[in-house]
Amino acid sequence: MPESPPRRPPGSTDVARLAGVSQKTVSRVMNGERYVSVDVRDRVLAAARELGYRRNTAARALNLGKFHRIGVVTLGSALYGPAQTLVALERAVRGVGYSLSLVTILEGQAGITQAMEALLDQGVDGIILSDPVDEGEGVRLELDVPVVSLGPMPGLAGPNVLVLDDEGVVAGRVATEHLLGLGHATVWHVAGPSRWFSARDRVRGWRQALAAAGVPEPPVIEGDWSPTSGYAAGRQLARVADLTAVFVANDEMAVGVMRAFAEAGRRVPDDVSVVGIDDIPISAYLSPPLTTVRQEFDVMAAHGLELLVERIEDTSPPTPHDEPPVHLVVRESTAPPH
């Protein structure tokens, strides 16, 4: 018996026929273009799944000069904030029909430029810098693809660079204003590592709130985002007799601070009020439950991706964006001073 010719893999014309749309509509759906109704998009995607259709991304890249892939550079992805940002970015990238390539820089190592070069070698149409950190000198990017930084990075410059305002300043200000509003004479601060621009922004927000209230600024104690460093900072703070309020740059360090206060016999919130940032899942179940500032990682990620895709596809001017959203979550770790 003669061998049967190999079966042709399904193509976009097959998807169009099954979905009852044009081949151009299939292309628009697969490319994540706008102006396609939800019903049509769902029909096309359902037909593609039924047929087992997969886009030939290599051919598309050759034809259009695009890979339909977004690169992400991140640092410290084991931490709650960066991890949540990555989850939000991955979801947002899939929502616009792109794929995602990730390069992680290990803490304590330089290499933002090298990480971006690695992504370009993989073939990306744009890059998102998730966690800007200080590498000692200004980074001048001479890239052929646009770059969006999810937070200020002084010195980051280039013809295709977009920098978003970070939520850190707003979050630091909101946390400090909450404690001052309860009647505390001043607020101490346990900061994140100064190499992180997000940590610096939270310090700026704290200082802004103190200056606006006209209250003295205590010295900053620096941690490394971990509960262990928070515990070490808490042991120092527990020796400050007139201390009644502490703003901690993230919830994990706040856990360590509260443990140190408990061991020193400083009750929270009767003797000391504590506020964190991030609203990690365990925050609501601590004893006492932690007052914290929740940041909208999904909103920030979606907006950054929107700006990047607009620049990649040259579709429209950047969408106006309000001040980054943060939400104070008041629980039982804060109270007026006694």
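Figure 1. The buried residues of H9 pack against strand E6 (188–191), strand E7 (220–222), strand E8 (245–248) and H10. Contact means heavy atoms within 4.5 Å. H9 spans residues 227–237, and its buried residues are Ser 229, Gly 230, Ala 233, Gly 234 and Leu 237. Buried means under 20% relative accessible area, exposed over 50%, partly exposed in between (1.4 Å probe, protein chains only). These residues cover an arc of only 140° around the axis, so they lie on the same side of H9. The arc is that of the directions from the helix axis to the C-beta atoms. Helices (H or I, at least four residues) and strands (E, at least two) are DSSP runs, numbered from the N terminus.

**Figure 2. The largest nonpolar core.** This core has 42 residues. Val 246, Phe 261 and Val 274 have the most contacts inside it. Helix H10 (residues 251–263) gives the most to the core, with five residues. A nonpolar core is a set of buried Ala, Val, Leu, Ile, Met, Phe, Trp, Tyr and Cys residues joined through side-chain atoms within 4.5 Å. Leaving out residues up to four places away in sequence, Phe 261 touches Gly 234, Leu 237, Ala 238, Leu 243, Val 246, Arg 266, Val 268, Val 272 and Val 274. A second, separate core has 20 residues, including Leu 150, Leu 162, Leu 164 and Ile 312.

**Figure 3. Helix H6 and its cover.** H6 covers residues 112–122. Ile 112, Ala 115, Met 116 and Leu 119 are buried. Their arc around the axis is only 100°, which puts them on the same side of H6. Gln 114 and Asp 121, on the other side, are exposed. The cover over the buried residues includes strand E1 (69–75), strand E2 (99–105), strand E3 (126–129) and strand E4 (147–149). Gly 123 follows H6, with a positive phi near 95°.

**Figure 4. Helix H2 against helix H3.** H2 (residues 23–30) and H3 (residues 38–51) pack at about 90°, with axes 10 Å apart. Axes are lines fitted to C-alpha atoms, for helices over the stretch in contact, and angles run from 0 to 180 degrees between N-to-C directions. H2 and H3 are therefore roughly perpendicular (65 to 115 degrees). H2 contributes Thr 25, Val 26, Val 29 and Met 30 to the contact. H3 contributes Val 40, Arg 41, Val 44, Leu 45 and Ala 48.

**Notes.** Residues are numbered from 1 along each chain as its sequence is written, and side-chain values use heavy atoms, without hydrogens and water. In this predicted model, local features need pLDDT of at least 70, side-chain atom pairs count only at pLDDT 80 or more, and totals for chains, interfaces and linings use all residues.

Methods:
Angles under 35 degrees count as roughly parallel, over 145 as roughly antiparallel, 65 to 115 as roughly perpendicular and the rest as oblique.
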